[in-house]
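Here is a short briefing on two interfaces, one within a chain and one between chains. Have a look at the structure first, and then we can go through the contacts together.

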Amino acid sequence: MTATALPPRPVTEHAAQLAAWLQEHATELAPWRHRATQGIAAAVEHDRGLLASLHDAGWSRYGWPAETGGLGGPVALRAVLYDELAAADLEVPEAFVILETLGPLLAHLAPHLAAVHLPRFLRGDELWGQGFSEPEAGSDLAHLRTRAVSDGTGFRVTGQKVWTTLGQFASFAAVLARTGAADSAHRGLTMLWVDLAAPGVTVRPIAAASGRDEFAEMFFDDVPVPAEGVIGEVGGGWAAAMYLLQYERGMYAWQRQAVLHRRLRQLAALVGDDAPSGTDVAALGRAQLLCAGLRARSATTVARLSDGENPGPEISVDKVLLGRCEQAVTDAWRRLRGTDMLLGADDSAITGREEWFYSRASTIFGGAADIQRDILADRVLDLPRGAR
Amino acid sequence: MSEHVDELAALAEELLAAGRDQELLAQLADPDVEDLRADPQVAGAVMRVHGRYCVSSGLFDLLVVGAGRSVVLPVPGQESGRPSGAAGSRLVGLVRGGPQDELVLPTEDGPRFLPRDHVVSEAVSGLDPLLGLTLVRSDYDPVVGTATTATGDVLGYAARLLADELVGVAEGALALALEHVRERHQFGVPIGSFQAVRHRLVDAYVDAEGARSLLAAIGPDAAPDVQALVLKASAGAAALRCVAAAQQVCGGMGFTAEFDLHRYVRRALALDALLSGSEAAEEHLGALALRGRVLPDRQVVLT
Ligand SMILES: Cc1cc2nc3c(=O)[nH]c(=O)nc-3n(C[C@H](O)[C@H](O)[C@H](O)COP(=O)(O)OP(=O)(O)OC[C@H]3O[C@@H](n4cnc5c(N)ncnc54)[C@H](O)[C@@H]3O)c2cc1C
């Protein structure tokens, strides 16, 4: 199924060509129209096949710099990939969420690491984890405690991270650690690239409420990190985290809107016109309206990212819109497929329930919705700051 | 065209801020600017400013169907065109401002026309007296004709311009509320520093942003049901959310006649109700989806 990599084209043309390719290979790609429901490990394994195909055909390499194994072109070409996958009725691999969180960080601040790891990730050979949150530092991330102490050449890391998405499958993690004094808050942080196979690392999956154990906790006991493992500058961890957030919030929202629009199409087709009640139908319409607003907003954000502009605090608008959409779509599903929610045992019901739980977390991860609102109140609406 | 958009928006801003709405109307009615005012982007920008100032003027009719004509909108909750036998008895619909020489009735099979002397009109003050709504009745059958609008579709275009206006209403109400919470102190601090107040306003702002983005992303040539059920409904919902948030955070002040907020509240409710209210639109959209037409789906494209 290998296709020759083509030079980057304008966004709409690129989208049309990708759509044509996806259609042409629809039969080979059919296994990825559903996600594997026999547990998260099976799903991760299953997705590798799709990642490999997209990499080999070149499609997932567009929008990434050539120096890091990409085929170049504007960042918007990555957005096209996620959108067209969902439009072709395929499941967008969860790995792309992590890719859009950590990929831009590596490509921008640690091209030497990106050159090695990005191609592996795109091929489906390697996953990464985002090690920011700690048991005592969630919303108040700047007060994290994991320490990194210089050992002359590199650092040694000690501490605990939690809620690392797909952490149990990751080979490496971007770990935000304290290199400054204990009270240095956001000023004393450094972003480190930690080899999870290094001595002193323990990773344990966390049993999740949804039944889909999608995250893990990571323990670091004097774990060595070489000097090349510094992403950005020593003491520049907060800036690195802020850089990453524009993608974690912006490109991620675009990715999810693609998935949510597909969910709306699937739901409408599944229910059909078998006369459900007015309020349930209105819930579907509400979800359509919200998703339409998100898509419109997110398209401008992607265009800005693609132009190399950092949307700054305004990106929180996308994040708040996304949280509403996620919940509106799964609420519409819950209303229109109430029996599935309560009793269903087939793949579609299991996926629906998992997504319902996931949608509730959408207003927590990547910065809780209330934190996003504070950012917007302070920095966009310019309201007086108050006690937190 | 885009420099004209900014130019006209600035002119509208200047004149409407000074309460010179009739002057704006006269300038835009000039036949020399016909092409300009028929540009959906220009018209949209002007209607947005119009919404922000919540004024009453004949701008809507002028921008939708051109000089000398009025758009007849269905009366919410009532079926139009029921004959009852008496003279001037058949309810035709609602006109914004006084009826012009010719009334344009958008129907599913294209526009129909009635000359003004074939209708009986009755001004209604109702919820939003400044909106200047007029009920029109007639015994005559409207005639077929052609309407010149930017898109050739009166209903869709009317819905689109109402959406622009509603975004303006949302912005105007929000601006008023933001100013109020920065100035008003309680417990020794500005009330805008309380998280509950801040978050309420942010949520309203996010709604307005969603509606604004949609209007910018989906053009006037999209289907009429997209204009009405998606653009106008989302702008209507945003405006309702903004005025509700503003009413809460402005406290007692918001309930005085002197403070402008009530004008926005009235305007948001009234405009939302015209051409299918946002809540009804949700149900309509959902029902269409279940019949296989999921709107607007991927109509917004990446560029
Ligand atoms: C499914 C999932 C996946 C995740 N994946 C990752 C990952 O890969 N890597 C990673 O590093 N982290 C990850 N996280 C962690 C996530 O970033 C944190 O959960 C999040 O930052 C919130 O922190 P917390 O859970 O400690 O909640 P808390 O900080 O305790 O906040 C709980 C609630 O308190 C309220 N609150 C807190 N502070 C304020 C405030 N200032 N103003 C108003 N209200 C406030 C909010 O309502 C908030 O939702 C994931 C979380 C989930 C649920």
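How many salt bridges does the rule find across the interface of domain 2 of chain A and domain 3 of chain A? In this predicted model, the rule finds one salt bridge there. Its partners are the side chains of A:Glu354 and A:Arg212, at 3.4 Å from N to O.

**Domain 2 and domain 3 of chain A**
- Chain A is divided into domain 1 (9–126), domain 2 (129–235) and domain 3 (249–381).
- The C-alpha centres of domains 2 and 3 of chain A lie 29 Å apart, and five residues of domain 2 are in contact with five residues of domain 3.
- These two domains bury about 400 Å² between them, with 67% of it on carbon and sulfur atoms.
- On the domain 2 side, A:Ser139, A:Ser210 and A:Arg212 lose the most area to domain 3, together 70% of what that side buries.

**Chain A and chain B**
- Here 49 residues of chain A are in contact with 42 residues of chain B.
- The buried area is about 4,000 Å², and carbon and sulfur atoms give 65% of it.
- In chain A, A:Gln288, A:Leu289 and A:Leu381 lose the most area to chain B, together 17% of what that side buries.

**Polar links between the chains**
- There are 10 salt bridges between chain A and chain B; one of them joins B:Arg298 to A:Glu84, with the closest N and O atoms 3.0 Å apart.
- The rule also finds 18 residue pairs in polar contact across this interface (both at pLDDT 80 or more).
- The largest share of the chain A side, 15 residues, comes from α8(A).
- By class, that side has 26 nonpolar, eight polar and 15 charged residues.

Methods:
Residues are numbered from 1 along each chain as its sequence is written. Chains are lettered from A and ligands numbered from 1 in the order in which they are written. Side-chain values use heavy atoms; hydrogens and water are left out. Domain bounds come from an automatic or database domain assignment. Contact means heavy atoms within 4.5 Å. Buried area is the accessible area (1.4 Å probe) that two parts lose on being put together, summed over both. A salt bridge is a side-chain nitrogen of Lys or Arg within 4 Å of a carboxyl oxygen of Asp or Glu. A polar contact is a pair of N or O atoms within 3.5 Å; within protein, one must be able to donate a hydrogen and the other to accept it, and residues adjacent in sequence count only if both atoms are side-chain atoms. Helices (H or I, at least four residues) and strands (E, at least two) are DSSP runs, numbered from the N terminus. Ala, Val, Leu, Ile, Met, Phe, Trp, Tyr, Cys and Pro count as nonpolar, Asp, Glu, Lys and Arg as charged, and the others, Gly among them, as polar.
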